[in-house]
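Thanks, everyone. Today I want to talk about charged side chains and where they pair up. Please look at the screen.

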Amino acid sequence: SVNEEHAYAPEISGDSMKPAHRDGALIVVSPAAQIRRGDRAVVKTRKGEVMVKEMRRKTPKSIELKSLNAEHRDRTLSMADVLWVARIVWASQ
């Protein structure tokens, strides 16, 4: 049960989060939920790229993201390039 009016449920597209999240899986994200190291999150860049990654580190200047699938690279983004970040609070299996 998610009691936040701004929570939403996107569908995973791609395999960068395998084996944790498969293509077609539903997740619920909460823009209001605080994000900590180790949390899984959806990140949207100012260029329109959307990715689901694990939060490694977030500072005022940058965000470090880990891909759970070894075939995809980890990412470090400038916070100036990030439009928004929302924590995953539920995922289908």
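Start with E49 and R75. Their side chains form a salt bridge, 2.9 Å from N to O. Where do E49 and R75 lie? E49 is in the loop between β2 (40–45) and β3 (50–58), and R75 is in strand β5 (residues 75–78), so this pair ties together parts 26 residues apart in sequence.

A word on the model: it is predicted.

Now, buried or exposed? R75 is buried, because its relative accessible area is 15% and the cut-off for buried is under 20%. E49 is partly exposed, at 35%.

How many salt bridges does a search of the whole structure find? Three.

Here is another one. R56 and D74 meet through their side chains in a salt bridge of 3.0 Å, N to O. R56 sits in strand β3, while D74 sits in the loop between β4 (62–66) and β5, so the pair links parts that are 18 residues apart in sequence. R56 is partly exposed, with 36% relative accessible area. D74 is partly exposed too, at 35%.

Next, E64 and R57. Their salt bridge is 3.8 Å, N to O. E64 has 25% relative accessible area, so it counts as partly exposed. R57 is partly exposed as well, at 47%.

Why can such pairs form? Side chains of opposite charge can pair when their charged atoms come close.

Last, the nonpolar side. L26, V89 and W90 make a nonpolar surface patch of about 270 Å². W90 belongs to strand β6 (residues 82–91). W90 is partly exposed, with 46% relative accessibility.

That's my tour. Thank you.

Definitions and conventions:
Residues are numbered from 1 along each chain as its sequence is written. This is a predicted model: local features need pLDDT of at least 70, side-chain atom pairs count only at pLDDT 80 or more; totals for chains, interfaces and linings use all residues. Side-chain values use heavy atoms; hydrogens and water are left out. Patches are made of residues with over 30% relative accessible area and no salt bridge: like charges are joined within 9 Å, nonpolar side chains (Val, Leu, Ile, Met, Phe, Trp, Tyr) within 5 Å. Accessible areas come from the Shrake-Rupley method with a 1.4 Å probe; for residues, only the protein chains shown count as cover. A salt bridge is a side-chain nitrogen of Lys or Arg within 4 Å of a carboxyl oxygen of Asp or Glu. Helices (H or I, at least four residues) and strands (E, at least two) are DSSP runs, numbered from the N terminus. Buried means under 20% relative accessible area, exposed over 50%, partly exposed in between (1.4 Å probe, protein chains only).
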